[in-house]
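Please keep the sequence and the 3D view open while reading.

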Amino acid sequence: MADAAASKTLVARAWGFALSHIPTREGIERNRFLRPVAHRILHPVLWRFTRRSVPRGVALGVVSGILFPFVHAPVAALSALPVRANVPVAVATTLLHNPLTSVPLYFSAYHIGCWILHWDRTIPGRPIASNVAAHASWFHTLVAQVGPATIVGLVVMSAVLAAIGYVAAGLVWRIRIGRKWRQRTLRRNFVNPFD
């Protein structure tokens with residue numbers, strides 16, 4: 001019983017901490033570094049949840065979360081301006097790339113990049129893999145094989161996951177709105193037998 005209460009208070013404290021550190025519109029207006037662009041960032045269209053801005057925000061957040069690992073939130077917020085994506089959704093979606101998901105993400109990106117670049121296939125003359133093995137320094141391996149393969153994999157993964165996120169957000173939005181319309185129709189057509 002005491003463990004359940006302690007875990008609830010821990011979750012409540014963590015949730016309160018997260019909510020207190022999420023930037024608000026008022027906080028952005030007061031920030032002296034953002035003051036020159038605050039009128040653009042705070043445009044009401046960028047903060048409204050619409051059927052077009054939310055999927056754009058999801059796709060943009062996925063791309064900036066994967067391709068810009070340490071500055072993903074500012075990149076997502078600033079790149080939401082020209083495409084009119086929802087800023088809170090774009091910034092929140094970047095959090096899918098976090099310390100727990102980084103290792104599987106980069107591991108998958110490397111293998112996808114190797115598959116796309118055909119690193120392990122023989123090329124007429126000398127295969128790339130044996131060329132890299134001949135220059136066995138770690139830096140040469142990193143620059144010649146791991147770096148390009150990982151970058152190509154990250155670009156491909158961000159494009160595919162952004163497209164999936166865009167479609168999924170659009171479907172969830174459509175299902176949610178359809179459910180609201182059905183409930184509204186049912187309420188309108190409901191006849192109270194006691195009237």
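Ala76 counts as buried because its relative accessibility is 0%, which falls under the 20% limit for that class. Ala76 is a residue of helix H5. The model is predicted, and the values below are computed from it.

**Ala76 and its surroundings**

- Leaving aside residues up to four places away in sequence, Ala76 touches Leu60, Ser64, Ala90, Val91 and Thr94.
- The C-alpha atoms of Ala76 and Thr94 lie 7.6 Å apart, although 18 residues separate the two in sequence.
- Val75 also belongs to helix H5, but Val75 counts as partly exposed, with 24% relative accessibility.
- The C-alpha distance from Val75 to Thr94 is 9.7 Å, across 19 residues of sequence.
- Beyond residues up to four places away in sequence, Val75 touches Ser64 and Phe68.

**Overall fold**

- The protein has nine helices and zero strands.
- Read from the N terminus, the order of elements is α-α-α-α-α-α-α-α-α.
- Of its 195 residues, 25% count as buried.
- Among contacts between residues at least 6 apart in sequence, 71% join residues that are at least 24 apart.

**Packing of H4 and H5**

- Helix H4, residues 53-67, packs with H5 at an angle of about 140°, and the two axes are 9 Å apart.
- H4 and H5 are therefore oblique to each other, because an angle has to be over 145 degrees to count as roughly antiparallel.
- The crossing of these two helices, H4 and H5, is right-handed.
- On the H4 side, the contact is made by Arg56, Leu60, Ser64 and Gly65.
- On the H5 side, the contact is made by His72, Val75, Ala76, Ser79, Ala80 and Val83.
- Sorted by class, the residues in the contact of H4 with H5 are five nonpolar, four polar and one charged.

**Nonpolar cores**

- The largest nonpolar core contains 13 residues.
- Ile28, Leu42, Trp47, Leu60, Ala80 and Val87 have the most contacts inside this core.
- Helix H3 (38-41), helix H5 (72-83) and helix H6 (87-93) are the elements that give two or more residues to the core.
- H5 gives the most to this core, with three residues.
- Apart from this core lies another one, of eight residues, including Val62, Leu154, Met157 and Ala162.
- Leu60, listed above for its contacts inside the largest core, touches Ala76, Ser79, Ala80, Val83, Ala85 and Ala90 when residues up to four places away in sequence are not counted.
- Ile28, also on that list, is found in helix H2, which spans residues 25-30.
- Ile28 counts as buried because its relative accessibility is 11%.
- Ile28 and Ile41 are 13 residues apart in sequence, and their C-alpha atoms are 8.5 Å apart in space.

**The loop between H5 and H6**

- Arg84 is placed in the loop between H5 and H6.
- The phi angle of Arg84 is near 55°, a positive value in a residue other than glycine.
- With a relative accessibility of 43%, Arg84 counts as partly exposed.

**His39 in helix H3**

- His39 has its place in helix H3.
- His39 is exposed, because its relative accessible area is 55% and the class begins over 50%.
- Ten residues along the chain separate His39 from Glu29, and their C-alpha atoms are 8.2 Å apart.

**Thr150 in helix H9**

- Thr150 is in helix H9, which covers residues 138-189.
- Thr150 counts as buried because its relative accessibility is 13%.
- Not counting residues up to four places away in sequence, Thr150 touches Tyr106, Ala109 and Tyr110.

Conventions: Residues numbered from 1 in each chain as written. Predicted model: local features only at pLDDT ≥ 70, side-chain atom pairs only at ≥ 80, totals over all residues. Heavy atoms only, no water. Core = buried A, V, L, I, M, F, W, Y, C linked by side-chain atoms within 4.5 Å. Buried < 20%, exposed > 50% of the residue type's maximum accessible area, 1.4 Å probe, protein only. Helix = DSSP H or I, 4+ residues; strand = E, 2+ residues; numbered from the N terminus. Contact = heavy atoms within 4.5 Å. Axes fitted to C-alpha atoms, helices over the stretch in contact; angles between N-to-C directions. Parallel < 35°, antiparallel > 145°, perpendicular 65-115°, else oblique. Left-handed = near helix turned anticlockwise from the far one by under 90°. Nonpolar A, V, L, I, M, F, W, Y, C, P; charged D, E, K, R; others polar.
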